[in-house]
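Visitor: I would like to learn how to read a few features of this structure. Please take them one at a time.

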Amino acid sequence: MTPSDVKATLSFSDGSPSMDLPIYKGSIGPDVIDIRKLYAQTGKFTYDPGFLSTASCNSKITYIDGDKGELLYRGYPIEQLATQCDFLETCYLLLNGELPNQAEKDEFVNRVTKHTMVNEQMQFFLRGFRRDAHPMAVLTGLVGGMSAFYHDSTDINNAEHRKIAAIRLIAKMPTLVAMAYKYSIGQPYIYPRNDLSYAGNFLRMMFATPCEEYKPNPVLERAMDRIFILHADHEQNASTSTVRLCGSSGTNPFAAIAAGVACLWGPAHGGANEACLNMLEEIQAMGGVSKVGEFMNQVKDKNSGVRLMGFGHRVYKNYDPRAKLMQETCNEVLAELGLENDPLFALAKKLEQIALEDDYFVQRKLYPNVDFYSGIVQRAIGIPVPLFTAIFALARTVGWIAQLDEMIGDPEYKIGRPRQLFVGAEKRDVKPIGSR
Ligand code: ACO
């Protein structure tokens, strides 16, 4: 961290001594005020629910400029990565800091490909779930369960263990997601195939049956790969912060990633693509495009509790760059499948057009986020709606691992332990039950 020449001074109106606080400069983005000695010197904490103004760590992985609508992985714009690299190159970049050359890529792809099978016992574990269980409930269990299968890579403080766990997680997530899907529809699991790409293999494990040959459609394969790239990392979001906090206790990597999966499930985070598609289907059932005005009135009415899902973001106060790329992919996939006139796509475009012009959204800087179009793409590919968030988890796994690895390697790493402003009852005595 580079110290700034400027210092912040904190003063108090009650005459308590003021305090100088160091400021650090990032390579880009806002400076941070270092408050680590605040409690020791003043006996006071800072108060910041939801971390609106708090940097919880320093990181070299992902940078977002929410006002410009810019997303960089290790300095590279997401637009260049999505159009010039594939997902496994992006994984290598996130994990290692640099894009691989051809030999490094071949070696990495080979390692991931050779780890895609899961322990045969996993299917018996899976069998314990109801077939109608939500895929995220199943995935939380399966990922957590990996720590019971791979004992030789559970020491989070051992760099070699973390490396093996990273490869295993990246390689096995598609297999687990596809197994959860096949289980839910009562079809046999399809084993991975090493001659296919990461995305192609996933599509095959999802949609092939033992009864006939399955050849992944290259347009859908590329679309799937792009979904993975766009979701691979997003700096200190809720699930990543969960993974860091969970991992900060020294728990094993599989347990920490399972915590991330659980956090991602929520509709304000990864569950938004599912919620967005459900919303589009509801409007369609109400009467489609003709009902958009009525729906928007509900969204703007604070008492209705209705939000325009797939719109708004804690960090982006501009168009989410991933949403633009996803809209492009959406056009390609719908054209490939002859679904250009898909009513949900037309509905999404209408909602977007109205929202981008409406004062309510303009004033609050609410723009489409990545989930607005990713649901339509996935639905067109044939992925059932409840599986959307599981696919997001599959893609985000590499980001979680890279962030966890960075945290463990940081000399300033400590167990995460926020403080609180206590506003409950003061000390009091327990009365006998008869007089309460
Ligand atoms: N529809 C309608 N109004 C909205 C929406 C929305 N989607 N999002 C925010 N607002 C309004 C809020 O009501 C609030 O209005 P007010 O100032 O009059 O009270 C204002 O915009 C600010 O919203 P906050 O909720 O305070 O913003 P915050 O940064 O906490 O929330 C969030 C961000 C959770 C993503 C929110 O925009 C939302 O719920 N969006 C819909 C869910 C969604 O798409 N989530 C996906 C996020 S991206 C991802 O995880 C990959």
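**Reading the sheet, the cores and the ligand site**

Guide: Three elements, S4-S5-S6 in that order, make up an open sheet of 3 strands with antiparallel pairing. Strands (E, at least two residues) and helices (H or I, at least four) are DSSP runs, numbered from the N terminus. Two strands pair if DSSP finds at least two bridges between them. This is a predicted model, in which local features need pLDDT of at least 70 and side-chain atom pairs count only at pLDDT 80 or more, while totals for chains, interfaces and linings use all residues. Residues are numbered from 1 along each chain as its sequence is written, and side-chain values use heavy atoms, with hydrogens and water left out.

Visitor: Which strands stand at the edges of the sheet?

Guide: Strands of a sheet pair through backbone hydrogen bonds, either parallel or antiparallel. Here the edges are S4 (62-65) and S6 (76-77); each has a single partner strand, so one side of each is left without a neighbour in the sheet.

Visitor: How many bridges join S4 to S5, and how many join S5 to S6?

Guide: S4 and S5 run antiparallel and are joined by 4 bridges; Asp65 has Glu70 in S5 as its bridge partner. Between S5 (residues 70-73) and S6, also antiparallel, there are 2 bridges. Tyr73 is partnered by Tyr76 in S6, and Leu72 stands opposite Pro77 in S6.

Visitor: Which residues take a positive phi in the hairpins?

Guide: The hairpin of S4 and S5 has 4 residues between the strands, and Gly69 takes a positive phi near 75 degrees there. In the hairpin of S5 and S6, with 2 residues between them, Arg74 in the turn has a positive phi of about 50 degrees.

Visitor: Is Ala232 buried or exposed?

Guide: Buried means under 20% relative accessible area, exposed over 50%, and partly exposed in between (1.4 Å probe, protein chains only). Ala232 counts as buried because its relative accessibility is 0%. Ala232 is found in the loop between helix H9 (218-230) and helix H10 (238-247). For contacts, the criterion is heavy atoms within 4.5 Å. Leaving aside neighbours within four places in sequence, the contacts of Ala232 include Tyr73, Phe87, Ala395 and Val398. The C-alpha atoms of Ala232 and Cys91 are 7.6 Å apart, although 141 residues separate them along the chain.

Visitor: What does the side chain of Asn201 reach?

Guide: A polar contact is a pair of N or O atoms within 3.5 Å; within protein, one must be able to donate a hydrogen and the other to accept it, and residues adjacent in sequence count only if both atoms are side-chain atoms. The side chain of Asn201 reaches the backbone nitrogen of Arg193 at 2.9 Å. Asn201 lies in helix H8 (residues 198-207) and counts as buried because its relative accessibility is 6%.

Visitor: How many residues has the largest nonpolar core?

Guide: A nonpolar core is a set of buried Ala, Val, Leu, Ile, Met, Phe, Trp, Tyr and Cys residues joined through side-chain atoms within 4.5 Å. The largest has 115 residues, and Leu139, Met224, Phe228, Leu308 and Leu351 have the most contacts inside it. A second, separate core of 5 residues includes Ala8, Met19, Leu21 and Leu38.

Visitor: Which polar side-chain atoms lie 2.8 Å and 3.0 Å from an oxygen atom of the ligand?

Guide: The 2.8 Å distance belongs to a polar side-chain atom of Arg307, and the 3.0 Å distance to one of Arg364.
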